[in-house]
Amino acid sequence: MVKAAGQVAAAVAVPAGHTLTATYDATGVQVYTCLDSAWKPLEPAATLTDKEGRTIGLHSRGPVWISTLDGSAVAAAPVAGASNARPGAVPELLLKSTATRGEGVFGKVGYVQRLKTEGGVSPTGACVTGAQQPVKYTAVYTFHSPTGGTAQ
């Protein structure tokens with residue numbers, strides 16, 4: 001049985017008909033780039049670890065999560081309006097799978113939650129077009145598969 005990430009805001013709750021299949025801690029950066037004199041999100045770059053601290057996957061631009069154990073992957077997009085603000089951190093999010101690959105841990109994921117976020121907020125102040133700035137963040141990612149077992 002996979003342990004839940006604790007209390008979850010209603011705005012980022014996973015729809016009925018999905019089962020929690022994995023929960024991993026993420027440590028990394030949110031990378032921002034300067035466009036038109038303002039910092040804009042570019043990509044995440046994070047490592048996912050299990051409760052024993054073993055590397056399980058990588059999180060990167062797409063967004064996509066790729067298992068380092070079995071090569072399975074899930075790409076997802078934020079669900080409109082499914083966001084929960086966190087003071088001093090990037091918001092918690094609910095994301096819906098747009099594509100999956102493989103039969104492993106991420107192969108049948110229908111939804112991903114980004115929870116318990118810390119850090120990762122956009123830099124402040126002036127910037128030069130083209131500049132990039134990584135900002136450290138942590139989060140807990142939960143992965144949910146349709147109860148029937150097929151990705152949506």
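A disulfide joins cysteine 34 to cysteine 127, with an S to S distance of 2.1 Å, in what is a predicted model. A search of the whole structure also finds 5 aromatic pairs, and ring pairs link Tyr24, Trp65, Phe106, Tyr141 and Phe143 into a cluster.

**Disulfide**

- The count of disulfides comes to 1, and this pair links distant parts of the chain, with cysteine 34 in strand β1 and cysteine 127 in the loop between β7 and β8, 93 residues apart.
- The torsion about the S-S bond of cysteine 34 and cysteine 127 is about 70°, and the disulfide is therefore right-handed.
- Cysteine 34 and cysteine 127 are both buried.

**Aromatic pairs**

- Among the aromatic pairs is that of tyrosine 24 with phenylalanine 106, which is edge-to-face, at 6.4 Å centre to centre and with 90° between the planes.
- Because tyrosine 24 lies in strand β1 (residues 18–35) and phenylalanine 106 in the loop between β6 (89–101) and β7 (111–119), this pair ties together parts that are 82 residues apart in sequence.
- Phenylalanine 106 also forms an aromatic pair with phenylalanine 143, and this one is tilted, at 4.6 Å centre to centre and with 45° between the planes.
- Since phenylalanine 143 lies in strand β8 (residues 132–146) and phenylalanine 106 in the loop between β6 and β7, the pair ties together parts that are 37 residues apart in sequence.

**Burial of the paired rings**

- Tyrosine 24 and phenylalanine 106 are both buried, and phenylalanine 143, the partner of phenylalanine 106 in the tilted pair, is buried as well.

Definitions and conventions
Residues are numbered from 1 along each chain as its sequence is written. This is a predicted model: local features need pLDDT of at least 70, side-chain atom pairs count only at pLDDT 80 or more; totals for chains, interfaces and linings use all residues. Side-chain values use heavy atoms; hydrogens and water are left out. Rings of Phe, Tyr and Trp (its six-membered ring) pair if their centres lie within 6.5 Å; planes under 30 degrees apart count as stacked, over 60 as edge-to-face and the rest as tilted. Helices (H or I, at least four residues) and strands (E, at least two) are DSSP runs, numbered from the N terminus. Buried means under 20% relative accessible area, exposed over 50%, partly exposed in between (1.4 Å probe, protein chains only). A disulfide is a pair of cysteine sulfur atoms within 2.5 Å.
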